[in-house]
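Dear colleague,

Please find below the sequence and structure that I am handing over to you. My notes on what was found follow directly after.

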Amino acid sequence: MAIELTSENFDAEVLNSKIPVLVDFWAPWCGPCKMLGPIIEQLAAEYNGKVKIGKVNVDNERELALKYNVSSIPSLKFFRNGTVANEAVGLMPADRIREMIDN
């Protein structure tokens with residue numbers, strides 16, 4: 001299951017994580033975000049223990065969205081060792097997200 005990320009736990013869960021982290025910046029009113037949701041949950045189960053997967057609700061966490069230059073959602077950012085190693089914007093199939101994670 002994807003972790004709910006907030007400004008309170010972002011540093012501990014993402015920036016200080018020992019394993020890579022995929023972060024989905026989303027909002028409940030966003031149609032493509034809703035369509036991406038089940039894919040994110042599937043990948044969270046698939047990569048459990050290898051890659052941490054979390055979600056940031058941009059309506060509740062505007063400061064995090066601004067800090068990471070999220071101007072369109074859904075926006076995926078892949079963190080490795082506390083920095084953004086890869087990113088993508090928009091609805092995409094699971095295979096494309098897997099490629100982002102595996103590279």
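**The sheet**

Strands β2 and β3 run parallel and are joined by 6 bridges. Please bear in mind throughout that this is a predicted model. The two strands belong to an open sheet of 5 strands with mixed pairing, in the order β1-β3-β2-β4-β5. At its edges lie β1 (3-4) and β5 (83-89), each of which pairs on one side only.

On one side of β3, 2 bridges join it to β1, and these strands run parallel. Gly54 in β3 has Ile3 standing opposite, and Val23 also stands opposite Gly54. By contrast, β4 and β5 run antiparallel, with 6 bridges between them. Within this pairing, Lys77 has Glu87 in β5 as its bridge partner, and Phe78 stands opposite Asn86 in β5. The hairpin formed by β4 and β5 has 2 residues between the strands, and Asn81 takes a positive phi near 55 degrees there.

How many of the 6 residues of β3 are buried? The count is 6 of 6, so β3 is largely enclosed by the rest of the structure. In a regular strand, side chains alternate between the two faces of the sheet. In β3, Lys52, Gly54 and Val56 point one way, while Ile53, Lys55 and Asn57 point the other way; all of them are buried.

Helix α2 touches β2 (21-26), β3 (52-57) and β4, and its direction makes about 155 degrees with that of β3. Helix α4 touches β2, β4 and β5, and its direction makes about 25 degrees with that of β4.

In soluble globular proteins, nonpolar side chains tend to be buried together. In this model the largest nonpolar core has 18 residues, of which Leu22, Ile40, Ile53, Leu76, Ile97 and Ile101 touch the most other members. Two or more residues come from each of α2 (31-46), β4 (75-80) and α4 (94-102). The most are given by α2, which contributes 5 residues.

Ile53 illustrates how parts of the chain meet in this region. Leaving aside its neighbours within four places in sequence, Ile53 is in contact with Met1, Ala2, Ile3, Leu22, Ile40, Leu43 and Ala44. There is also a second, separate core of 16 residues, and among its members are Leu5, Val14, Cys33 and Leu64.

**Aromatic residues**

A search of the whole structure finds 4 aromatic pairs. One of them is formed by Phe10 and Tyr68, whose rings are tilted, with 5.4 Å centre to centre and 40 degrees between the planes. This pair links distant parts of the chain, as Phe10 is in helix α1 (residues 10-15) and Tyr68 is in the loop between α3 (62-67) and β4, 58 residues apart. Both Phe10 and Tyr68 are buried.

Tyr68 also pairs with Phe79, here edge-to-face, at 5.3 Å centre to centre and with 80 degrees between the planes. Tyr68 lies in the loop between α3 and β4 whereas Phe79 lies in strand β4, so this pair ties together parts that are 11 residues apart in sequence.

Why does Tyr68 count as buried? Its relative accessibility is 13%, and the term applies under 20%. Phe79 counts as buried because its relative accessibility is 2%. Phe10, Phe25, Tyr68 and Phe79 form one aromatic cluster.

A further aromatic residue, Trp26, has a charged neighbour: the charged end of Lys55 sits over the ring of Trp26, 4.9 Å from the centre of that ring.

**Thr6**

Finally, a word on Thr6, which is found in the loop between β1 and α1. Is Thr6 buried or exposed? Thr6 is buried, because its relative accessible area is 16%, and buried means under 20%. Apart from its neighbours within four places in sequence, Thr6 is in contact with Glu61 and Leu64. Thr6 and Glu46 are 40 residues apart in sequence and 23 Å apart in space, C-alpha to C-alpha.

With kind regards

How values were computed: Residues are numbered from 1 along each chain as its sequence is written. This is a predicted model: local features need pLDDT of at least 70, side-chain atom pairs count only at pLDDT 80 or more; totals for chains, interfaces and linings use all residues. Side-chain values use heavy atoms; hydrogens and water are left out. A nonpolar core is a set of buried Ala, Val, Leu, Ile, Met, Phe, Trp, Tyr and Cys residues joined through side-chain atoms within 4.5 Å. Buried means under 20% relative accessible area, exposed over 50%, partly exposed in between (1.4 Å probe, protein chains only). Helices (H or I, at least four residues) and strands (E, at least two) are DSSP runs, numbered from the N terminus. Contact means heavy atoms within 4.5 Å. Rings of Phe, Tyr and Trp (its six-membered ring) pair if their centres lie within 6.5 Å; planes under 30 degrees apart count as stacked, over 60 as edge-to-face and the rest as tilted. A charge sits over a ring if NZ of Lys or CZ of Arg is within 6 Å of the ring centre and within 35 degrees of the ring normal. Two strands pair if DSSP finds at least two bridges between them. Axes are lines fitted to C-alpha atoms, for helices over the stretch in contact, and angles run from 0 to 180 degrees between N-to-C directions.
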